[in-house]
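The following exercises concern a single protein chain.

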Amino acid sequence: MTQKVAVLGTGKIGEALLSGMIRAGWAPADLLVTARRQERADELRTRYGVTPVSNQEAAKTADTLILTVKPQDMGTLLDELAPHVPADRLVISGAAGIPTSYFEERLATGTPVVRVMTNTPALVDEAMSVISAGSHATADHLAHAEEIFGAVGKTLRVPESQQDACTALSGSGPAYFFYLVEAMTDAGILLGLPRDKAHDLIVQSAIGAATMLRDSGEHPVKLRENVTSPAGTTINAIRELENHGVRAALIAALEAARDRSRELASGTKD
């Protein structure tokens, strides 16, 4: 039987997921979208051939609802959806920090909910999507979520208790790498390189290093040691990173991101 999937609140991540599903073989006729603005809905229809609908219509007709609105907008959306979502609908949430219990309490008893934390490399089909089951979600529901999010990258199942840590590490993770590249580019300029050349050097080094981490099977310490000659340039740079507490700063930053995810879950959205 054909499964209809609706993406509700189709922003950048929602659109990336939508386009990835189509490239993976999903028929546009089986994909529904909702958007806050009519112009946005029309743009998605023109670009992908999908069907824009209201949130209520999506809830009534789709077999799977993927909620991609911002965490602070989720309560309003659920209030709108709740009267129209049958208990056999699969609800997938992509909202950082919000537990599956939040959805289960507001939807029909027994509604299966799957929580997914993906990240912005979904835009280039290199996402890391972390998937957790709510209390009514089955193995089939998890497999279906993996099929959907596998269209834009890799997936990993974890207990929901680990979602806040995954949000800190992976959901926010691309921003840390962009920040590092920004800082290294500034350093390259300071050392006398034009910005474009510094950028190209750093980006290709990052791509190469990431590929080695993924494909070699080696521990990152071993890979770093392979670059670090006695009394050489790299060990002097590493010493300065350690002297400035970069490792400790990264750990503290990830703890701060995890704590904010927990605050979102508890309703603290200041």
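Over residues 160-264 the chain is 83% helix and 0% strand, with its end C-alpha atoms 15 Å apart. Helices (H or I, at least four residues) and strands (E, at least two) are DSSP runs, numbered from the N terminus. The model is predicted: local features need pLDDT of at least 70, side-chain atom pairs count only at pLDDT 80 or more, and totals for chains, interfaces and linings use all residues. Residues are numbered from 1 along each chain as its sequence is written, and side-chain values use heavy atoms, with hydrogens and water left out.

**Exercise 1. Describe the annotated segments and the chain as a whole.**

Step 1. The unreviewed UniProt entry assigns residues 160-264 to "domain: Pyrroline-5-carboxylate reductase dimerisation". UniProt positions are given in the numbering used here, feature names are shortened, and annotations may be inferred rather than shown by experiment.

Step 2. Over residues 4-97, the chain is 40% helix and 19% strand, and the end C-alpha atoms are 27 Å apart.

Step 3. The protein has 12 helices and 8 strands, and its C-alpha trace spans about 70 × 40 × 35 Å along the principal axes. Of its 270 residues, 37% count as buried; buried means under 20% relative accessible area, exposed over 50%, and partly exposed in between (1.4 Å probe, protein chains only).

Step 4. Pro194 and Thr109 are 85 residues apart along the chain, and their C-alpha atoms are separated by 60 Å. Pro194 lies in the loop between helix H8 (173-190) and helix H9 (195-216).

**Exercise 2. Determine how the buried residues of H4 are arranged, and what covers them.**

Step 1. Within helix H4 (residues 74-81), the buried residues are Met74, Gly75, Leu77, Leu78 and Leu81.

Step 2. Viewed down the axis of H4, these buried residues fall within an arc of 160 degrees, so they line one face of the helix. The arc is that of the directions from the helix axis to the C-beta atoms. An α-helix has 3.6 residues a turn, so residues three or four places apart point the same way.

Step 3. Thr76 and Asp79 are exposed on the other side of H4.

Step 4. The cover over the buried residues of H4 includes strand E1 (5-8), helix H3 (55-61), strand E4 (64-67), strand E5 (90-93) and helix H5 (100-106). Contact means heavy atoms within 4.5 Å.

**Exercise 3. Carry out the analysis for H2.**

Step 1. Arg40, Ala41, Leu44 and Tyr48 are the buried residues of helix H2 (residues 38-48).

Step 2. They cover an arc of only 100 degrees around the axis, which puts them on the same side of H2.

Step 3. The face turned away from this buried side carries the exposed residues Gln38, Glu39 and Thr46.

Step 4. The buried residues of H2 pack against helix H1 (12-23), strand E2 (31-34) and strand E3 (51-52). After H2 comes Gly49, with a positive phi near 75 degrees.
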